[in-house]
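Here is a short note to read beside the model. Keep the viewer open and find each residue as it comes up.

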Amino acid sequence: MGKRHGLSGTKEYKVWKIMRLKCYGSNLDNRYKGENLWICDEWREDPVAFINWAIQNGYAEGLELVRKDKDDGYYPENCVFLEKKKTNKTHGMRYSRLYRIWTLMNQRCTNQRLAYYERYGGRDIQVCDEWKTFEVFADWAMKNGYKDDLSIDRINVNGNYEPENCKWSTNVEQQRNKRNNHFKTINGETKTVAEWAEISGLPYKTLQRRIYTGCKEENLLAPIGYQHKLLEINGERKTMNAWAKEVGLPYSTIKRRYEKGIRGRDLLKNKRLNKKKEEDYQ
């Protein structure tokens with residue numbers, strides 16, 4: 001079609017193509033069109049007719065095609081060109097976090113050289129046709145809860161990247177939805193690693209790293225910086241780092257004293273221990 005009319009490189013043609021993708025992409029049952037998003041016969045298969053109308057009705061770069069009645073389709077009497085949001089101006093988001101998410105989403109489904117391709121494209125997971133155009137994906141993202149601290153998450157982990165199968169999730173929510181979810185038993189209670197992260201307030205990756213490096217069960221949920229040592233002083237157990245912060249000593253001081261065999265309240269004294277005191281512990 002592009003060769004016949006010679007318009008495939010024009011911006012007006014891109015507007016027509018996006019309009020068609022919204023209505024007639026390959027995943028007909030999985031888009032936000034409902035029953036009322038359609039294209040009139042005059043425009044549906046004829047980009048020339050649409051482009052002629054667009055030129056006669058004020059199309060200019062920086063404007064977007066908008067339906068006056070959102071519950072009706074695309075046809076001349078229901079359409080108008082309006083100024084785009086500043087964030088989408090041509091589209092002006094190449095260095096944004098959302099653009100990186102879009103790029104990686106497409107890459108993991110198409111680039112066979114990526115190490116994790118087998119978990120996505122290798123399982124025939126695809127990006128729907130309309131989301132192959134960034135502006136369409138960005139429009140869906142902004143209308144469906146995108147925030148800078150959220151990531152795109154597939155509801156059905158075996159399904160495609162498409163409007164009805166995607167949502168914006170926190171890291172913990174996303175890890176909970178993984179098909180290879182990792183369960184861990186701590187103190188006789190079994191939960192996913194994501195759930196333990198949520199309960200403890202620790203980053204998911206911190207817990208994951210501790211498990212993979214063979215951390216003991218009693219230390220899995222210890223605060224960051226615990227250094228595998230929970231010290232009991234006067235019946236209270238805290239990490240070296242926590243004790244150091246409480247008494248205002250450098251962590252290195254408490255660690256050095258501990259390695260010399262010093263225990264109890266002597267570990268936390270603000271004054272330098274005299275040489276005889278240190279020798280008593282050796």
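1. Contact here means heavy atoms within 4.5 Å. The model is predicted. Take W168 with that in mind. Leaving aside neighbours within four places in sequence, W168 is in contact with residues including L98, I101, F137, W140, Y146 and I152.

2. Which residues touch the most other members of the largest nonpolar core? They are L98, W131, F137, I152, Y161 and W168, out of 25 residues in that core. Helices α5 (97-110) and α6 (134-143) and strand β4 (166-169) each supply at least two residues of this core. Another core, of 20 residues, lies apart from it; V15, Y59, L65 and Y74 are among its members.

3. Now the rings. The whole structure holds 13 aromatic pairs. Y99 and F134 make one that is edge-to-face, with 5.0 Å between centres and 70 degrees between planes. This pair links distant parts of the chain: Y99 sits in α5 and F134 in α6, 35 residues apart. Both Y99 and F134 are buried.

4. Why is the pair of W140 and W168 called tilted? Their planes stand at 35 degrees, with ring centres 5.8 Å apart. Planes under 30 degrees apart would count as stacked, and over 60 as edge-to-face. W140 is in helix α6 and W168 in strand β4, 28 residues apart.

5. Are W140 and W168 buried or exposed? W140 is buried, at 5% relative accessible area. W168 is buried too, at 8%. Together with W131, F137 and Y146, they form one aromatic cluster.

6. Check two arginines as well. R108 lies over the face of Y120, 5.1 Å from the ring centre. R154 lies over the face of Y161, at 5.1 Å from the ring centre.

Methods: Residues are numbered from 1 along each chain as its sequence is written. This is a predicted model: local features need pLDDT of at least 70, side-chain atom pairs count only at pLDDT 80 or more; totals for chains, interfaces and linings use all residues. Side-chain values use heavy atoms; hydrogens and water are left out. A nonpolar core is a set of buried Ala, Val, Leu, Ile, Met, Phe, Trp, Tyr and Cys residues joined through side-chain atoms within 4.5 Å. Buried means under 20% relative accessible area, exposed over 50%, partly exposed in between (1.4 Å probe, protein chains only). Helices (H or I, at least four residues) and strands (E, at least two) are DSSP runs, numbered from the N terminus. Rings of Phe, Tyr and Trp (its six-membered ring) pair if their centres lie within 6.5 Å; planes under 30 degrees apart count as stacked, over 60 as edge-to-face and the rest as tilted. A charge sits over a ring if NZ of Lys or CZ of Arg is within 6 Å of the ring centre and within 35 degrees of the ring normal.
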